[in-house]
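Please open the model in your viewer and keep the sequence panel beside it. The tour below goes from one selection to the next and says what is there at each stop.

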Amino acid sequence: MSFESRLSKGEFCIPECSECKKIVWPPSEVCSHCFGNVRLKEGDFEGKIIEFSRQNDQYFCMVEFESAVRIMAKISVTPEIGKSVKISKCGIDNGNYFFQII
């Protein structure tokens, strides 16, 4: 199953090469380092807020997972740089990825 099909079901997985163990981001079915097959790691991943911005009364954060995967996510509380967070909701809406963190 592909990264996008899992994301469309509300599941966040991290693509990892089954041969060299490199995180493959952006997601692909083939490793950009060794051309090995990529598998999707499942888990309750913890990331860190590395930057954030505010628009009106909504915060957006750049969150880093596994020192390799960076995503933009919404957060409902005032964010702090370096704070550990987890994905509370994710998916695909009108062809766009979306992520919310807690």
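**First stop: R6**

Select R6 and show its surroundings: setting aside neighbours within four places in sequence, R6 is in contact (heavy atoms within 4.5 Å) with M1, E11, C13, L40 and E42. Before going further, note that this is a predicted model, in which local features need pLDDT of at least 70 and side-chain atom pairs count only at pLDDT 80 or more, while totals for chains, interfaces and linings use all residues. Residues are numbered from 1 along each chain as its sequence is written, and side-chain values use heavy atoms, with hydrogens and water left out.

R6 itself is found in helix α1, residues 3-8; helices (H or I, at least four residues) and strands (E, at least two) are DSSP runs numbered from the N terminus. Is R6 buried or exposed? R6 counts as buried because its relative accessibility is 13%, the classes being buried under 20% relative accessible area, exposed over 50% and partly exposed in between, with a 1.4 Å probe and protein chains only.

**Second stop: the loop between β1 and β2**

Move to the loop between β1 (14-17) and β2 (38-41), where P26 has its place, and display the backbone of W25 and P26, which are joined by a cis peptide bond with omega of about 5°. K21 is also placed in the loop between β1 and β2, and its phi is near 70°, a positive value in a residue other than glycine. With 47% relative accessibility, K21 counts as partly exposed. Show the side chain of K21 to find one of its polar atoms 3.1 Å from the backbone oxygen of S18, and then draw a distance between the C-alpha atoms of K21 and H33, which are 12 residues apart along the chain and separated by 9.9 Å.

Select N94, in the loop between β6 (84-93) and β7 (96-101); N94 has a positive phi of about 50° although it is not a glycine. The relative accessible area of N94 is 73%, so this residue is exposed.

**Last stop: the whole chain**

Zoom out and colour by secondary structure: the protein chain has one helix and seven strands, which run α-β-β-β-β-β-β-β from the N terminus on. Its radius of gyration is 14 Å, close to the 13 Å that the globule rule gives for 102 residues, so the chain is as compact as a globular protein of that length; the radius is taken over C-alpha atoms, and the rule is 2.2 Å times the number of residues to the power 0.38. Along its principal axes, the C-alpha trace spans about 45 × 30 × 20 Å. Colouring by accessibility would show that buried residues make up 33% of the 102 residues.

Technical notes: A polar contact is a pair of N or O atoms within 3.5 Å; within protein, one must be able to donate a hydrogen and the other to accept it, and residues adjacent in sequence count only if both atoms are side-chain atoms.
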